[in-house]
Each structure stands twice: as structure tokens, then as C-alpha cells.
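Thanks for coming. I have one structure to go through today, and I will keep to a few parts of it. Please have a look at it first.

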Amino acid sequence: MKASTLANGAATRATGPKSLTPGRAGLSPDDLLAAYRTMLLSRKIDDKEIQLRNGGKIFFQISGAGHEAVLVAAGTQLRPGYDWFFPYYRDRALCLTLGMSPRDMFLAAVGSSEDPANGGRQMPSHWSSRPLNIPSQSSCVGTHCLHGVGCAEAGLVYSRVEGIESRETRYHTDQVTYVSIGEGGTSEGEFWESLNTACTSKAPVLFLVQDNGYAISVPVEVQTPGGDISRLVSSFPGLLVSRCDGTDYLASYHTLEEAIAYIRAGKGPAFVHATVTRPYSHSHSDDERWYKTPAEREAEARRDPLVRMRQLLLDEGIATDDELAEMLTAAERQVNEAADSALEAPKPDPSTAALYVYSPDVDPSSSRFDAKPRTEGALETMVGALNQTLKDEMARDARIVVFGQDVADASRREALETPGLTGKGGVFRVTLGLQRLYGEHRVFNSPLAEANIIGRAIGMALRGLKPVVEIQFFDYIWPGFMQIRDELSMMRYRSNNHWSCPVVIRVPIGGYLKGGAPYHSQSAVAIFAQCPGIRVVVPSNAQDAAGLLRTAIRCDDPVLFCEPKHLYRQTYNKGPYPGPDYTVPFGKASVVRDGHDVVVFTWGALVQRSVFAAQQAQDHDGISVAVVDLRTIAPCDWEKIAAYTQRTSRVVVAHEDQLTCGFGAEIAARISEDLFEYLDAPVKRVAALDTPVAYAPVLEEAILPGSADVLAAIRSVAKY
Ligand SMILES: Cc1ncc(C[n+]2csc(CCOP(=O)(O)OP(=O)(O)O)c2C)c(N)n1
Ligand SMILES: [Mg+2]
């Protein structure tokens, strides 16, 4: 393909004869020999891995074959440990160029505990290295584009927010964040969401699309209208868009040189679309002969980057046949030695399987988070308490950034400066005034895209910021669920504790609103309790909300902080603001009301309803009922659950979430498994119907559990 450059969507700029036949400008014979050596090494590692895989010595193989030229060209011009890297699984040659060793790669392939990337926890070719600034990659195609943008934005935050400790050591003004992806991956929404933000924030990101024409068996024209991704992105404002033949080292080098210079000069993001080949099928479990014609495969073979580079070295008189043969032998020797050594390396000890789901350093359920609340002062609603907590924490830690839909006071300066305009500060006004206090670099609106919010937060947290983001309604968290389940919650575990992203996601949740309807009433928290690595918090009153949010911010794990919006302004859960150091430990239930005949385990909006029901049971039936507010369901206070089950022998679990697979099911199962002999009645669950929450108030009332339902359950277990 001819090299051409499109800038700002304005026009196709012919790059002139120099780019069409780039020559060797700036590259010495030694540079070219070194590049070829790395390309060869990369290919030989793939060959060896395939051999090991066929012999059952490793368990997965995916190659970087056909992509080597453009990757070595990128790696040579980027700076390991200085720039940041969000590669994908084909980027073997890039990682070699940046300094990863063949042995490190084989350690990953054999699943050794010495694998410096992930300790044997991820497939090979899932690159990660702290010294090289390569955060751990997942297998999800496209998700990492948002991490890359968030990481680049973090550099901008460090450059702009003066109060951040040692910020000058955390960024460079000419830093690049590299993000690479296959052409198939560009069909994912997260790719487009990342381009949106890279352009609006002028983030210093280099997007490299490695277009090998296929996503497994799906050809490019099925993915991309017109089959040309650079044409589609060419109208993004401020994005430098270039194309090159990624099998041609010199063309790749020159195209990337221009793109990298654009970014280092602070002009914004750049996009390079490199066409490459894929000679080894998609992975070891694919065979491209099932869907590629022989003619197509032959044409591809002629464009093999190694063949082309070898020819260049011969044509230019840089190396002879014999010298190249010697180079091949040396590469094979190096690869065999690395593989042999990795095969002998130790495997992970099975006893380590559960390590690093959560931070080993900060335990949010420890006594360190047990604090005494300040009890004087005016009564605050939950909204007021959360707002004050955010203000205090942002004053304490300048690394905290707050963003989401509508969370800023006003994005436009003239609005902000107009007398009498309060600003928006969130649809429930929990973040009101934060932007005025801490500025637009720390508090800002996001596009209307939930994966964008969470994905960027992950990228920022990887680089040491503390994002506290808002998803506007729980019902709209689902576009971000992939980011939560596959990225946020797994980062620490999958990287064997090398990387973490302790983001706090605040989210208004639940119903009881009169008119919330199916899309403003959901409360499916149990789904998140099923994601290992994330903490799930559901406060029931203003004071707990303040203490739990502070713990969420100060802890080292990702936290889903659910704010029952029905409780935001209820007078019954108001309390004095408990002070700027008040924390509540996670996994420590609160006994809201003591009793000895029946216990109700509950949380969130059902706490008050359960207390009311307990009082009724006491007054009308003489039943003594304890109400235990779990406050967090991950971690869950199993000790208090056991203690109160043993004390009362009659258990009700009451929650707003629907019955089937609600978290109550887990509690009931554990009680029956571990405490069966203490029970005098089956555990009774009170929950929503297994339906969406309907709009008409009479329907909502029929669907969501109320205090009458809790009372009926108390009576039924009491008389069993
Ligand atoms: C989100 C997601 N969906 C599906 C897959 C399964 N999958 C792995 S690679 C791949 C094809 C990717 O093609 P492309 O982006 O063109 O990269 P290439 O493998 O061709 O380099 C698919 C569908 C995945 N890993 N992630
Ligand atoms: Mg592809």
C-alpha cells in the first residue's frame, strides 16, 4: 500500500517521493541489522512456541508473525520506562525491542511462577512489565484502548495539578502512550470511545492499528465499511492519521517517526494504520486454510516482513547470505537456550492460587479503619454527607480526580463564572461544588459512555491517580460491565500483584422512587459480588455513607459504592457529619437493633423497612427481632452472620434485589452449609419479584419488598 498521510480529516497529503521510497534516512547499516535481528528473534520465538505447543509443553500459542517490521520500528523509536505501552497479543517484536527477553516470554508460555509478567496467571503474549511501563493486558480485544487514553490523561493531570506529591517524577512533557490493536478490534465501541476522548483531551496517544486483513476468519470488509479503518477515522479533529505498509521496515519507521514527533510536540494524538500479514493462522487452534484461498496465502507470503527485510539488507549490500545465515543460527541458539531454561523453571505453588485477588497491603476490614464519629453538628442527608466526604478527601489527597456524566459544576467557563449559577454537580448533586473548589483538571464531565468512564479511570489508576468516578444510574452501568468484570476487578490478580487499579465507582442504585420504572430502579448488586477483586458497598444512612466512602477512597482495591437513591434525602437516615477522618471498616456489619428470637440480615433500603417490621413484630407479637445491617456485601461479615444465627436460630434475609440469585441466596446457602444444626427454621428470603421494576406505583409496590413482607417473614420463621 502506498504511504499517505491524512491530517485532521482535511485532505490526503501526498508525502512525496521520500516517503514512497523512503530510503534509509537516519538509519545506519547497524540500525537495520539490529532491527532485522529482533524481527528474526521474534519469529523464531513463535516457531519454538509452536513446536512446544505441539509437544504439549506449553498450553497456548498466538504469534506475532507478519507484524514484526512495524513493531520493531515502533519499539526503536519509543522509550521503555519513559513512554507508556498498551500493546496487544501480536506485539512480541515490540516487547523484544523494548527490552523484554526471550526467556521472559517462554516463562509466560510454560506458566512458570517466575514469569515476570503475570506469574503464570495469564496466557503467553499477554505482556506486562513494570520497569518497561507496560501495564498488564487482558485477552479482551479493545478494552485497553481506554486504559491507554486514561494513562495519557494521567500524565496531563500530573502536569497540571500542582498539589500532587512528587508529581514531577510522574510525567514527561513529551511522553507518548502507545496503544495497539488489530483491525478487527476496531469494531469494538471502546476503540471509538477512546478516540473520542483522545481527541477532546488532546491526549498524547499513539494508536497503531495492525491490519492483517482478518479477525480470526472474518475479513476486514465485514468489520469495517470500505475495509479501510484510516479512512473512517480521518475526520477526528486533531488526530494525525497516517497509513503505511507495516511489512516494510523503512516505510513503517518513517510513518511512525512523523506520528511520534507530532505527539511529542504536544499536538495531540496520532493514528497509524499499518497493513501487515498473518502467516501462522490466528492461533494454534485455527487453520487459515479453512477460509483463505491458496492464491491469497501465496500473495501474503511474498509480503512477509522478514523476507522483505532480508532482501533489503542484501540489495543494499549491508549483509551477505552467509552473514544472514549466521544471524539465523545465532537467533535459533538464543531461542533454544531461553526455552530450555524456562522449561526448567518452577511452576506456581497451588497454595498461591488465591493470592492477590485483593491488596495484600491495605485491608479495609482491619481495625485501622475503625474510627469514632464526630457526633455534634447539624444533621446532614446522605447527599450532604457524601458531598462533604468528597470535599474533605479531595483536600487531603490531590491525586483524587472525579469525573462522570454531569458531575462537574459547569464545563463551560462562562457558565461557571455567571453570578447566580449554582452549577449542576451531578443529577443528584452529590458532587456539587467540587469543580469550583478543586478546578476543572480534577473534576470534569465525561462523554455519555460508561465504558469510557471506567476504562479511563483504570488507565489513570494504573499510573497512580485515585479516580472516584460516577455512573449516573446503576441501570446504565452495563456498557461498563466488561471494564469492571474483565479489567478493573482482575488487574491485580492477573498481573500477580504487579499492577492494580483501585478506582472507586459511585453509583446511585435502586427503586422506591414512585416512577423509577425498569431503567431507574435496578439493584442487581449480587452480580458484582460475583466479580472477584472488587468490593461492594451499600450504605443505609448518612453517617455510614460518609465513613464507608472514605474507606473506599483510602483502600487499595476497586470499590463499587452503591448509593440507594431512595435514601439520599430521607430524614430518618440523617446524621451529623462524622468528620474528615471518619472511616467505617468493610465487612463489619452494624447491629441496628438487637433481639433474640429472630435475626434479619439486610442492607441498603431494606434496613429501615426491616427495623419498622421488627418493631411491629415486637409490639404485636412479642417477637424480639435483631436487625443486622451488613453495609458491605463484599466483603461480607460472615462472623456476625454466624453469631446472630447461633443466637436466634431463626433467620430472615431481606434485600431489594430480586429473589433468584440475589445475595440472600448466598447467605442462605452458607448458613445451611455451615450452621444447619443451629437452625430452628428454614432461612427465609424477602426480595423483589423476579421481574423488572414497573413504572406505575401500584406495580412498583407489588414488585419491591416492603416492611409488610419483612414482617410476614419474621412471623413465619418465628412460628415454624
Ligand atoms: C472482546 C473480545 N471478543 C472476542 C474475542 C475473541 N478473539 C480473540 S482475537 C479475535 C480476533 C481479533 O482480530 P484483530 O483485532 O484483527 O487482531 P488480529 O488477531 O488479527 O491481530 C477474536 C474475535 C476477544 N478476545 N475479545
Ligand atoms: Mg486482524
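Into which domains is the chain divided? Keep in mind that this is a predicted model. There are three parts to the division: domain 1 covers 4-8 + 35-342, domain 2 covers 367-576, and domain 3 covers 590-718.

I'll take domains 1 and 2 together. Their C-alpha centres lie 35 Å apart. Across the boundary, 30 residues of domain 1 are in contact with 31 residues of domain 2. On the domain 1 side, the elements giving two or more residues are α6, residues 143-160, and α7, residues 189-200. The largest share of that side comes from α6, with eleven residues. As for its make-up, the side of domain 1 that touches domain 2 has 14 polar, nine nonpolar and seven charged residues.

Next, ligand 1. Which residues come nearest to ligand 1? They are V141, G182, G184, G185 and A215, out of 16 residues around the ligand. By class, the shell has eight polar, five nonpolar and three charged residues.

Last, a helix: α23, residues 638-648. Its buried residues are I641, Y644, T645 and T648.

Just after α23, S649 has a positive phi of about 65 degrees.

That is where I'll stop.

Methods: Residues numbered from 1 in each chain as written. Chains lettered and ligands numbered in written order. Predicted model: local features only at pLDDT ≥ 70, side-chain atom pairs only at ≥ 80, totals over all residues. Domains from an automatic or database assignment. Contact = placed C-beta atoms within 7 Å. Helix = DSSP H or I, 4+ residues; strand = E, 2+ residues; numbered from the N terminus. Nonpolar A, V, L, I, M, F, W, Y, C, P; charged D, E, K, R; others polar. Near = placed C-beta within 6 Å. Buried ≥ 20, exposed ≤ 12 C-beta atoms within 10 Å, placed from the backbone.
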